[in-house]
Amino acid sequence: MMKPVFTAIRLLVIGLVALSWPAITRTLHRWGRVDEGGAARLLSLRWRIVTWLVVIELLLGQNLLGQFLAALHGASA
């Protein structure tokens, strides 16, 4: 019953990461935590990280890996 709510929360957090990434990167650069090259590198990694978060959500959060393995086991029986 709560699974859709938790899924929505996880997807919302992933969306917030994607949207706030440039602001966080600018803030880290302004505070001197990363240099100009580091900030550019972080900005270029944004969609790669968001993609991996979505893949992890699909595989673990939605249990696609378990469903795939169950389907393989069921097909071989």
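**Helix packing and a nonpolar surface patch**

Good morning. In this predicted model, helix H2 and helix H3 (64-76) each supply at least two residues of a nonpolar patch. H2 gives the most to that patch, with 6 residues. The patch lies on the surface and is formed by Trp52, Val54, Ile56, Leu58, Leu59, Leu60, Leu64, Leu65, Phe68, Leu69 and Leu72. Together, these residues have about 1,000 Å² of accessible area. Leu59, one of them, lies in helix H2.

I turn now to the packing of H2 against H1. Helix H1 spans residues 3-30 and helix H2 spans residues 36-61. Their axes are 9 Å apart, at an angle of about 175 degrees. Angles over 145 degrees count as roughly antiparallel, and H1 and H2 are therefore roughly antiparallel to each other. On the H1 side, the contact includes Leu11, Ile14, Val17, Ala18, Trp21 and Pro22. On the H2 side, the contributors include Leu42, Leu43, Trp47, Ile49, Val50 and Leu53. What is the make-up of the residues in this contact? They divide into 14 nonpolar, 4 polar and 5 charged.

Arg10 of H1 and Glu57 of H2 also take part in the contact, and these two residues form a salt bridge. The closest N and O atoms of the pair are 2.6 Å apart. The bridge links distant parts of the chain, with Arg10 in helix H1 and Glu57 in helix H2, 47 residues apart. A search of the whole structure finds 1 salt bridge.

Thank you for your attention.

Key. Residues numbered from 1 in each chain as written. Predicted model: local features only at pLDDT ≥ 70, side-chain atom pairs only at ≥ 80, totals over all residues. Heavy atoms only, no water. Axes fitted to C-alpha atoms, helices over the stretch in contact; angles between N-to-C directions. Helix = DSSP H or I, 4+ residues; strand = E, 2+ residues; numbered from the N terminus. Parallel < 35°, antiparallel > 145°, perpendicular 65-115°, else oblique. Contact = heavy atoms within 4.5 Å. Nonpolar A, V, L, I, M, F, W, Y, C, P; charged D, E, K, R; others polar. Patch = residues over 30% accessible without salt bridge, like charges linked within 9 Å, V, L, I, M, F, W, Y side chains within 5 Å. Areas by Shrake-Rupley, 256 points an atom, 1.4 Å probe, with all protein chains shown as cover. Salt bridge = Lys/Arg side-chain N within 4 Å of Asp/Glu carboxyl O.
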